[in-house]
Amino acid sequence: MAKKITAPLTAETVKDLRAGDSVLISGTIYTGRDLAHKRLTDSLKAGEKLPFDLAGAVIYYVGPSPAKPGKVIGSAGPTTSYRMDAYSPLLMEKGLRGMVGKGNRTQPVLDAMKKHGAVYFAAVGGAAALIARTIKAAKVIAYDDLGPEAVRELQVEDFPAIVINDMYGGDLYEAGVAKYRKE
Amino acid sequence: MKEIQFETIKDAVAKLCIDANCLLGDDVVQAFKDGLKIEESPAGKDILNQLLDNEQIARKEMMPICQDTGWAVVWVEMGSGARVQGGELYDAIQQGVAKGYKDGYLRKSIVKDPLRRENTKDNTPAIIYADIVPGDGLEITVQPKGGGSENMSEVKMLSASDGAEGIKKFVVDRVARSKANPCPPVIVGVGIGGTFEKCAMLAKHSLLREIGSVHPDPFYAEMEKELLERVNKLGIGPQGLGGRVTALAVFIEAFPCHIATMPCAVNINCHAARHQSVTL
């Protein structure tokens, strides 16, 4: 049974999540991938205001395909997360509580999640047309020049994801693979 | 001499880009269904079912299967008796890719320079591999290739003394190190032999093969079978959450080799194994 959660995330919501939990996310989340992360980080280091409030925020690592006429967004599955690892710890320090992507994270990210109380979710990579149905509104709020890499504010309803890494060190990838590995 | 119109090629390439990105091949769909029969992990089964649902939505709405609509890798076999009327072949292909990615609402994922990273905004340039062949036809294949799985690919210069087991260890280890990143279940393309760059091209080209097809050389057919079994013992499973179905297929292409070398390339493809062909 999937847990229904609301974004932005509260500290209590994050505390309740464990690796392996299926969740349905509703509320406001933000898109950001490689170049957007670099710009967000550069802004933070320069003491500038960010295009959205990081407190409790969830960032979805996605560069959607363009919306067809009459649609709010195109296909919108997750991109591989490790490319954001260089930037994620600073964002968590400044309030980020949720990350949605796919694939394994590195130790500094896992350490920062424990320290700051954050959670890493995976969405199903390549199920991009299916996921798009849970996105009800989308607007570019920053870095329009980056095209697919621009930061978008998304309104989502029952966006399906699974907790990979919780704030207690739980790791679904490690546990899942260990269970099915032979030899 | 058969004349093929520039606009015919351009329009055909545009259509191939759109169809390849929105219509997953029957062989891949069948491989998901076959995977459901052997997958033991509940999460893994759930993911395979989601991929089947996703394929249906994409087909019905002509939406991309994956938002990463890829590099347009274009393979061309041009008959020596064919010529292009009204322009150059490469221009027709590049303009066709730009048209397809615009008209099909496909994502533009190419940057002008690897370090300065400004988007070209029309997904060009395509990567074109063209060959001159006998006859007067023009066969074009568009293979959109996603970045996430490309990142998990590698070329290694082995020695002849490493033998078949050296190749197998490298392939299995490359998949093992990729873990959840390349969107498993993957298709593993393996190139063996040739030069440094030739073996990478062999690996990429092998990904065009139909899932379920058997290598014509029994030696490599056996190696593909063994590699698929070994890869699927890794336990990575669909999306890396643990399970039986880590790969849907392993494809090998081998080529003659220099006496001093034995290069091997592994090109990983995500489950969105997309390609469409046309003969003009």
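Student: Which side chain does the side chain of B:Thr141 make a polar contact with?

Tutor: Keep in mind that this is a predicted model. In it, the partner is the side chain of B:Ser277, at 2.7 Å from that of B:Thr141.

Student: Where is B:Thr141 found, and is B:Thr141 buried or exposed?

Tutor: Look along strand β5 (residues 138–145) of chain B, and you'll find B:Thr141 there. For burial, anything under 20% relative accessible area counts as buried. B:Thr141 has 9%, so it is buried. Setting aside residues up to four places away in sequence, B:Thr141 touches B:Val73, B:Val74, B:Trp75, B:Leu208, B:His275, B:Gln276 and B:Ser277.

Student: And is A:Ser75 buried or exposed?

Tutor: A:Ser75 has 0% relative accessibility, so it counts as buried. A:Ser75 is found in the loop between β3 and α3 (88–93) of chain A. Its side chain reaches across to chain B, where the backbone oxygen of B:Pro64 is at 2.5 Å. Beyond its neighbours within four places in sequence, A:Ser75 has contacts in both chains, including A:Pro64, A:Ala128, B:Met63 and B:Cys66.

Student: Now for something in between. How does B:Ala200 count?

Tutor: Partly exposed, because its relative accessibility is 29%. B:Ala200 belongs to helix α7 (residues 196–206) of chain B. Leave aside the neighbours within four places in sequence, and B:Ala200 is in contact with B:Val155 and B:Ala265. The C-alpha atoms of B:Ala200 and B:Pro263 are 9.0 Å apart, although 63 residues separate the two along the chain.

Student: How many aromatic pairs are there over all chains?

Tutor: The count is four. To read a pair, check the angle between the ring planes: over 60 degrees is edge-to-face. Take A:Tyr60 and A:Phe159: their planes are at 80° and their centres 4.9 Å apart, so this pair is edge-to-face. A:Tyr60 is in strand β3 (residues 58–60) and A:Phe159 in strand β7 (residues 151–165), both of chain A, so the pair ties together parts 99 residues apart in sequence. Both A:Tyr60 and A:Phe159 are buried. In chain B, the rings of B:Phe219 and B:Tyr220 have centres 4.9 Å apart and planes at 85°, so they are edge-to-face too. B:Tyr220 is buried, at 16% relative accessible area.

Student: Which residues put a charge over a ring?

Tutor: Here are two cases. A:Arg105 lies over the face of A:Tyr120, 4.7 Å from the ring centre. In chain B, the charged end of B:Lys198 sits over the ring of B:Phe255, at 4.5 Å from its centre.

Student: Zooming out, which domains is chain B divided into?

Tutor: Domain 1 covers 2–20 + 65–145, and domain 2 covers 148–273. Taken over C-alpha atoms, the centres of these two domains of chain B are 26 Å apart. As for contacts between them, eight residues of domain 1 meet 12 residues of domain 2.

Note on methods: Residues numbered from 1 in each chain as written. Chains lettered and ligands numbered in written order. Predicted model: local features only at pLDDT ≥ 70, side-chain atom pairs only at ≥ 80, totals over all residues. Heavy atoms only, no water. Phe/Tyr/Trp six-rings, centres within 6.5 Å; stacked < 30°, edge-to-face > 60°. Helix = DSSP H or I, 4+ residues; strand = E, 2+ residues; numbered from the N terminus. Buried < 20%, exposed > 50% of the residue type's maximum accessible area, 1.4 Å probe, protein only. Lys NZ or Arg CZ within 6 Å of the ring centre and 35° of its normal. Polar contact = N/O pair within 3.5 Å; in protein donor to acceptor, adjacent residues only side chain to side chain. Contact = heavy atoms within 4.5 Å. Domains from an automatic or database assignment.
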